Structure formats: structure tokens, C-alpha cells
Amino acid sequence: MTADILVAGRMPANVIPQLDQHFHLHVLPTDKASADAMIREVGTRIRGVATNAAQGLPLELLDQLPGLEVVASSGIGTDALNLNAAKARGIHVAVTPDVLTNDVADAGIALMLAVSRKLCMAERNVRAGRWLKGLGLGYRVTGKRLGILGLGRIGRAVAKRAEAFDMSIAYHQRTPNPDVSYRYHDSLLSLAADSDFLMIIVPGGPATDGMVNREVLDALGPDGTLINIGRGATVDEPELIRALAEGRIRGAALDVLANEPHVPEALLTMDNVVLQPHFASGTEECRAEMGQLVVDNLRAHFDGKPLLTPV
Ligand code: DGY
């Protein structure tokens, strides 16, 4: 019997046409009233969900899908997937690791260069006919110290790229990684004090929420720059805004924010900030590979096979 699948979040373009061929597909409308009506109608029949790491799977929705067997999420983060509740119900969960590693690492390096070399501000100047007016100078990346919070797959890919910039690389995470030669710090505070650029790559969740606090920002200091390609909640955003406004850190490049898609007004006015709409994996190639994994995981499950990339 063909399974009923709910598409509960934005999907790469190759997902829906393929799922449509193999399943009974229900695409959750974006307005709440229509979404509620759809769930009332089909909720009990849904056996699989396709979603993404940013929109996740809210508990409220999970509770209305009593027959759910499998969730395939496009993305690597699990902080929005209510993993514990899903696992407690025996629901299988798949994410899309590896295929996004290189593109997200590229984005981390791009953000570091963009904020230090004032790329966005300079571009705004040219478009507004101001040329060099008020631009000042950027600051150097080559040879500087890069601190990485979270040396997982993406962290390592960032470090590999940073080596080409002759950067001196250090990292912090719960335990040191025996097979790398980068400097290990057993606290984020000491990593921040040892960094010109501090890049956040941890996946998010209660253990890391608010970890980049006032103390850490002050340790990074007035010559330091924060780059966040992990999760917005890892950074105490009001403290970050204060540190930027008071020049207690030099700049920030943020792919992620605490309450997306809300952007704090203050950040919009700051020239020492580069902002992106949670876009680090946003290449055609990467999204196509992520989408394919979503499809392949759902198909594997309903063909009675193990998930390709389970959490
Ligand atoms: C991820 O894969 O977790 C990205 O941050 C997109 O949400």
C-alpha cells in the first residue's frame, strides 16, 4: 500500500516530483488555518514526513501524527526535530550529512572574508554611487588566528581551507580530537582569547544555547570577529549587539540568527556586520544532493531497508 507522506517544510526542487511518483503526497500549506485543516483530514494516515533542519518538526505537529514511522530532514541540524520525542515513539529519523560539508565550509570562509574585507559594504557603496566614500579599510585574514567552536565534519573542512590562508588554527569542543594537530582549548573562553576570528559551527541545542556570552565576546576582544554558521541560539544575541555597538568586538558575520527570520533592527544598521538568511548550504548542487537523500531515505524505509543516513 502506498504510504502517505507529509511535506512539512521547504524542500529542494527535486524532492516533491520524486516523492509524488512513489507516495501519496500532502504538502503542508504555509498558512496555519489551511495547515490545521489538512492535518485534521490526513494526520492519522501520515506515515512519513519530509522536512528541513531549519523548520524542523514541531511537537504540536508530531503529536497529531500518531502513525508516523519516519522523518527525513533536509539538513544536518537536529535541534528543531524534537528528536527525543520522536525516538521515544520509535520514529526513525534521517538527516543529510556529508553532502553539505564543503558548501557550508565554503560559506564560512566566504563570510570571514566578506566581513574582514568589507565586501558587502563596499558593494553597497558602489551601487549607491559613493565609491570609496566612508568605506575606510578592511582587515587581513591571511596569517591570522582562527578559532573553531566544534571541529566536526564542517569544522575540519573549514580548517583545511583556512590552512591555505596560512591561518593558525585552534578549536574547542567537549573532547580533543586525537588525529588533528590544531591547538585544543578546553574552554570556549580560552579559545576566544586565542582567536582573531571565532567561527561557530556547533549544531545547536540546549547544551550550547547562549554559550557565546558577554565574557566570551570580551575575550575575543576589540580586534576579534565572530562568524556564526551553526545556530543563532548559540550566541547571546543582545550581548552580541552590545559588543558590536560598543566596539568591544570588531565585527560579525552571521548566517544564522536566534529567532529566524526575525532580524534585530540594530544589526541591520551596523556596517561591521554581514548578514545571511541561513543560506550556508544554498548551492544548487548541495540542495539537489540533500533533496536526493531525503527521497532516498524515505524510499529505503518504505522498501523495508535501513535508512541511508540515520541520526
Ligand atoms: C543544517 O543543515 O542544519 C543547516 O543549518 C540548515 O538548517
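Let's start with aspartate 98. At 47% relative accessibility, aspartate 98 is partly exposed, because that class runs between 20% and 50%. Keep in mind that this is a predicted model.

Where does aspartate 98 sit? Find the loop between β5 (92–94) and α5 (101–116); aspartate 98 lies there. Its backbone deserves a look too. Phi of aspartate 98 is near 65 degrees, a positive value in a residue other than glycine.

Now the side chain. Aspartate 98 forms a salt bridge with arginine 153, and the closest N and O atoms are 3.2 Å apart. Arginine 153 counts as partly exposed, at 46% relative accessibility.

Another positive phi next. Lysine 118 is not a glycine, yet its phi is about 55 degrees. Look for lysine 118 in the loop between α5 and α6. Lysine 118 is partly exposed, with 21% relative accessibility.

On to salt bridges in general. How many does the structure hold? The count is 18 salt bridges.

Aspartate 36 pairs with lysine 32 in a salt bridge, with the closest N and O atoms 3.1 Å apart. Aspartate 36 is partly exposed at 27% relative accessibility. Lysine 32 is exposed, with a relative accessible area of 51%.

Glutamate 239 and arginine 242 meet through their side chains in a salt bridge, 3.4 Å from N to O. Both lie in helix α10 (residues 237–245), 3 residues apart, about one turn of the helix. Is glutamate 239 buried or exposed? At 13% relative accessibility, glutamate 239 counts as buried, because buried means under 20%. Arginine 242 is partly exposed, with a relative accessible area of 38%.

That pair belongs to a wider set. Arg214, Asp218, Glu239, Arg242, Glu246 and Arg248 are linked in a network of salt bridges.

Which helices contribute? Both α2 (32–42) and α3 (59–62) supply at least two lining residues each. The largest share, 4 residues, comes from α2. By class, the lining of this pocket has 9 nonpolar, 5 polar and 5 charged residues.

Now the surface. Val126, Trp131 and Leu132 form a nonpolar patch there, with about 380 Å² of accessible area together. Leucine 132 is in the loop between α6 (119–127) and β6 (145–149). Leucine 132 is exposed, at 61% relative accessible area.

One last stop, on the backbone. Which kind of peptide bond joins glutamate 260 and proline 261? A cis one, with omega about 5 degrees. Proline 261 is placed in the loop between β11 (251–254) and α11 (265–268).

That's my tour. Over to you for comments.

Definitions and conventions. Residues numbered from 1 in each chain as written. Predicted model: local features only at pLDDT ≥ 70, side-chain atom pairs only at ≥ 80, totals over all residues. Heavy atoms only, no water. Patch = residues over 30% accessible without salt bridge, like charges linked within 9 Å, V, L, I, M, F, W, Y side chains within 5 Å. Areas by Shrake-Rupley, 256 points an atom, 1.4 Å probe, with all protein chains shown as cover. Salt bridge = Lys/Arg side-chain N within 4 Å of Asp/Glu carboxyl O. Buried < 20%, exposed > 50% of the residue type's maximum accessible area, 1.4 Å probe, protein only. Nonpolar A, V, L, I, M, F, W, Y, C, P; charged D, E, K, R; others polar.
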